[in-house]
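Subject: Structure handover

Hello,

The sequence and structure are below.

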Amino acid sequence: LTGEVLGVMRQLAKEGMTMLVVTHEMGFARNVSNKVVFMEAGHVVEAGDAQTIFGNPKELRTKEFLETLA
C-alpha cells in the first residue's frame with residue numbers, strides 16, 4: 001500500500017500539485033521535494049531547498065541523520 005500511495009503522490013507532484021507531506025520515506029522526499037524541513041523532537045533543525053538539505057546539509061544533526069540512511 002505504501003508503494004501505491006507514493007506512486008500517486010509522485011504523479012501529483014509531476015503534474016505540479018503543491019503538497020505538504022510529512023514522511024519518513026527519505027528517498028521519496030529526495031526525489032519529489034522542492035523544499036525540505038528536517039525536524040527532531042518537534043523542533044526545526046534545518047530547512048531549505050531539497051538539493052541542499054540532501055546534498056550538503058549545514059547542520060550536524062541533519063548530516064548525522066542522513067548518514068544513517070546510506
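A salt bridge here is a side-chain nitrogen of Lys or Arg within 4 Å of a carboxyl oxygen of Asp or Glu. This is a predicted model, in which local features need pLDDT of at least 70 and side-chain atom pairs count only at pLDDT 80 or more, while totals for chains, interfaces and linings use all residues. Residues are numbered from 1 along each chain as its sequence is written, and side-chain values use heavy atoms, with hydrogens and water left out.

Salt bridges

Searching the whole structure gives two salt bridges. One joins the side chains of Arg-61 and Glu-40 at 2.8 Å, N to O. Arg-61 is in helix H4 and Glu-40 in strand E1, so this pair ties together parts 21 residues apart in sequence. (Helices, H or I with at least four residues, and strands, E with at least two, are DSSP runs numbered from the N terminus.) The other joins Glu-64 to Arg-61 at 3.8 Å, N to O. Both of these residues lie in H4, three residues apart, or about one turn of the helix. Through shared partners, the salt bridges join Glu-40, Arg-61 and Glu-64 into one network.

For accessibility, buried means under 20% relative accessible area, exposed over 50%, and partly exposed in between, using a 1.4 Å probe and protein chains only. Arg-61 is partly exposed at 30%, as are Glu-40 at 33% and Glu-64 at 36%. Glu-67, also in H4, counts as exposed at 59%.

Helix H1

H1 has 13 residues and should span 18 Å at 1.5 Å a residue; its end C-alpha atoms are 18 Å apart, which agrees. The expected span is 1.5 Å times one less than the number of residues. Just after H1, Gly-16 has a positive phi of about 95°.

Largest pocket

On a 1 Å grid over the protein atoms alone, a pocket is an open set of points where a 1.4 Å probe fits, with protein on both sides within 12 Å along at least five of seven lines; lining residues have an atom within 4 Å of a point. Grid points are joined across faces, edges and corners, and the volume is the space filled by probe spheres set on them.

The largest pocket holds about 860 Å³. Its lining has 27 residues, with Val-21, Ser-33, Lys-35, Val-36 and Val-37 nearest the centre. H1 (2–14), H2 (26–32), E1 (35–40), H3 (50–55) and H4 (60–69) each give two or more residues to this lining. E1 gives the largest share, five residues.

Regards
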